[in-house]
Amino acid sequence: MSVNEIRNIVFVGQSGVGKTSLIERLLFDAQATTHLGTVKGGDTVTDFDDQSIHYQHSIEATPVALSWQSHRMNILDTPGLPELIGRALSVFPAVESSVLVIDANTPLNQVSDRLYQFARDQQKCQMVVINKIDLNPSKLSACLTQIQAQFGAECLPLNLPSEDASQVIDCFFTPEESASTLFSSVSEAHEQLIDQIIEVDEDLMALYLEQGSELSPVQLHAPFEEALRTGHVIPVCFVSAETGAGCDLLLQTLAEIMPMPEEGNPPMLEKKGKQVPVNSEQLDHAVGHVFKISVDPYLGKLAYIRLFQGAINAGSQLYIGENNKAFKVGHLYQLQGKKRNEISAARCGDICVLAKVDELQFDSVIHDSHDEDGITMRTLDFPEPMYGLSISPIKRGDEQKLSEILNKIVAEDPSLRLEHRARTNETVLSGQGEFHLKIALEKMSSLYKLDVEATVPSIEYFETITQPAEGHYRHKKQSGGAGQFGEVQLRVRPLERGEGFVFVNKVVGGAIPTSLIPAVEKGIRQALAEGAISGNPIRDIEVTVYDGKYHSVDSKEIAFVIAGKKAFLDAVRNANPIVLEPIVEMALTIPTEAVGDITGDLAANRGMILGTNAEDSHFTHIQARMPQKELIEYAQRLKAMTGGEGSFSMSMSHYEPAPAQVQMEVCKAATASDY
């Protein structure tokens with residue numbers, strides 16, 4: 001099949017709009033399937049995994065293919081749940097076109113807005129599909145108006161629903177100007193669309209205006225593609241996945257209007273900061289990109305690849321990135337849901353799957369010539385994690401197994417983050433929310449047979465002092481034979497926040513030999529790590545050792561390690577020690593109508609509003625600071641207050657003294673743990 005006959009398209013949209021059902025209908029109408037499955041019945045092509053069937057929501061991004069009028073369409077179904085939006089964003093590099101599916105009966109939320117903006121930022125050609133037109137036809141006109149208000153006047157209908165919304169009337173290919181429509185008219189929609197398209201082609205505009213010539217879809221093809229590439233026009237189609245109304249026109253639109261690979265904006269492949277051109281007609285020098293990783297119980301690791309240039313065959317030798325060692329392509333597949341079809345070769349524009357190549361990771365670039373060494377795909381901006389859990393194996397001895405499985409889970413979902421916190425010795429898995437982590441843990445149990453304990457991660461507190469003080473300790477031990485003796489006198493003073501630890505030696509006259517000063521500092525550093533009142537490290541403190549005593553026979557390094565540590569703790573306890581808590585800076589995006597609830601909740605949980613900015617009438621950005629302690633369940637609170645539409649990112653800001661009640665809780669917890 002020629003690259004000109006291929007269309008690569010991602011279907012996106014908020015949860016419940018019917019993406020999976022619509023794709024199922026398109027597969028059925030194109031005779032790619034003989035059975036019309038349903039989400040409720042758990043038998044659709046794309047939602048074939050156990051979790052998607054159980055939750056009746058798409059959990060994974062899944063590719064399928066169909067043929068229509070000699071065109072091959074590779075369509076990617078994606079999750080619409082807010083917490084899984086990262087899984088939808090991750091597949092954008094594989095396509096030229098993005099189809100935003102909207103339910104006319106459900107208000108647009110932040111997920112639809114983020115997906116639209118992301119597609120624009122990724123320079124994808126876009127279209128909007130209004131689904132479920134049969135349910136409440138009276139809302140369709142208002143839905144189109146809302147789309148145009150939120151996404152721009154360039155969103156223009158390519159077709160319109162009939163008076164009873166039982167069918168869809170074509171306004172572009174073969175306009176049925178005499179047909180009655182639910183709102184507007186065929187001629188008005190046709191004229192608006194033509195006027196918008198020809199704005200990108202001055203010669204065609206002149207012909208149209210001067211001669212009043214009717215322009216055919218063939219004449220409009222090139223300017224239409226240019227208008228799509230630049231976002232100057234975004235076609236809107238009406239359909240019903242349930243009845244099939246409009247689906248034939250949607251298939252025609254996808255095949256004849258949405259771009260082939262060389263018509264879309266070029267992929268964001270880069271080398272040394274510069275965009276790398278690809279040539280769809282070049283037969284050698286294959287270049288492809290891994291846009292998804294999954295693990296199959298039978299096939300092992302699967303790497304989903306979009307091929308941008310050249311071809312790969314079973315038996316091809318390929319390189320990954322700048323790796324000098326080639327790997328040999330074994331089995332090559334194209335997947336249709338859970339069905340896998342082994343193929344002998346993949347060509348430019350194809351989406352294919354390589355099995356059992358462990359070195360391949362999400363975002364890997366593969367190629368067959370060292371001329372392409374150093375090519376990377378421009379990094380995607382995934383949403384920052386909002387919720388984390390500390391993960392540990394229930395069965396002792398499974399620590400290594402846990403590490404291996406967690407790395408596999410994270411490899412499949414680039415919006416998950418895994419980190420080991422050395423100070424608290426915790427393995428923390430972070431994601432977009434409770435459900436996001438829940439499905440990850442369920443997969444660990446069902447697929448990898450590993451049960452784990454998930455708890456709230458520890459908060460990393462610190463201790464410091466608030467006033468200068470002195471400390472003294474004499475260590476003396478005699479147990480027959482050689483003894484131990486060391487005496488240290490020191491003073492401490494607080495430093496500015498973030499200055500850490502400063503050690504000063506002001507011992508004179510040999511009161512403590514120079515060779516033993518490092519032992520004193522070692523003891524102090526031990527105490528710094530262990531803390532004085534809460535078991536948390538001490539910071540922002542200067543220690544000056546100014547005097548002491550030693551014994552020519554009994555003074556050893558261990559004696560001054562102990563004396564330094566004890567003298568330091570004595571000084572800290574005299575210096576009014578306090579607990580410092582971490583303060584997090586937050587960037588929230590919330591529905592405007594929820595601003596009052598959010599700001600009230602922030603204030604009630606010791607938060608501070610730094611600023612607000614209304615993006616438009618729908619969403620507001622809030623900058624705030626809040627103690628990390630109050631963020632433990634914030635993702636769930638935000639979800640409840642915003643109906644799942646709110647999101648936030650956070651970054652560490654600074655440490656400041658914790659309130660008395662928090663200090664008591666932290667110190668009490670340390671005492672209870674035998675600190």
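## Notes on the predicted model

1. Start with a charge and a ring: arginine 491 lies over the face of tyrosine 546, at 4.2 Å from the ring centre. A second case is arginine 539, whose charged end sits over the ring of phenylalanine 462, 4.6 Å from its centre. To count, NZ of Lys or CZ of Arg has to be within 6 Å of the ring centre and within 35 degrees of the ring normal.

2. Some ground rules before going on. This is a predicted model, where local features need pLDDT of at least 70 and side-chain atom pairs count only at pLDDT 80 or more, while totals for chains, interfaces and linings use all residues. Residues are numbered from 1 along each chain as its sequence is written, and side-chain values use heavy atoms, with hydrogens and water left out.

3. For the terms: strands (E, at least two residues) and helices (H or I, at least four) are DSSP runs numbered from the N terminus, and two strands pair if DSSP finds at least two bridges between them.

4. Strand 5 (residues 125-131) deserves a look. How many of its residues are buried? The count is 7 of 7, so strand 5 is mostly covered, where buried means under 20% relative accessible area, exposed means over 50% and partly exposed is in between (1.4 Å probe, protein chains only). Cys125, Met127, Val129 and Asn131 are buried on one side, and Gln126, Val128 and Ile130 on the other. Strand 5 pairs with strand 4 in the parallel sense over 7 bridges, and valine 101 stands opposite valine 129. Strand 5 also runs parallel to strand 9, joined by 3 bridges, with isoleucine 130 opposite phenylalanine 238.

5. Contact means heavy atoms within 4.5 Å; axes are lines fitted to C-alpha atoms, for helices over the stretch in contact, and angles run from 0 to 180 degrees between N-to-C directions.

6. On to aromatic pairs: the model has 10. Rings of Phe, Tyr and Trp (its six-membered ring) pair if their centres lie within 6.5 Å; planes under 30 degrees apart are stacked, over 60 edge-to-face, and the rest tilted. Phenylalanine 183 and phenylalanine 238 make an edge-to-face pair, 6.0 Å centre to centre with 70° between the planes. They link distant parts of the chain, 55 residues apart: phenylalanine 183 is in the loop between strand 8 (168-170) and helix 6 (186-198), and phenylalanine 238 is in strand 9 (residues 234-238). At 14% relative accessibility phenylalanine 183 counts as buried, and phenylalanine 238 is buried at 0%.

7. Tyrosine 634 and phenylalanine 648 form another edge-to-face pair, 5.3 Å centre to centre with 80° between the planes. Tyrosine 634 is in helix 15 (residues 634-642) and phenylalanine 648 in strand 35 (residues 647-657), 14 residues apart. Both are buried. Separately, Phe172, Phe173 and Phe224 form one aromatic cluster.

8. Helix 10 (residues 399-412) has 14 residues and should span 20 Å at 1.5 Å a residue; its end C-alpha atoms are 20 Å apart, which agrees. The expected span is 1.5 Å times one less than the number of residues. Its buried residues include Leu402, Ile405, Leu406 and Ile409. Among the elements they pack against are strand 12 (287-296), strand 23 (387-393) and helix 11 (434-446).

9. Last, histidine 221 in helix 8 (residues 217-230). Is histidine 221 buried or partly exposed? At a relative accessible area of 26%, it is partly exposed. Histidine 221 touches Glu256 and Glu263, not counting residues up to four places away in sequence. Histidine 221 and isoleucine 257 are 36 residues apart in sequence and 7.2 Å apart in space, C-alpha to C-alpha.
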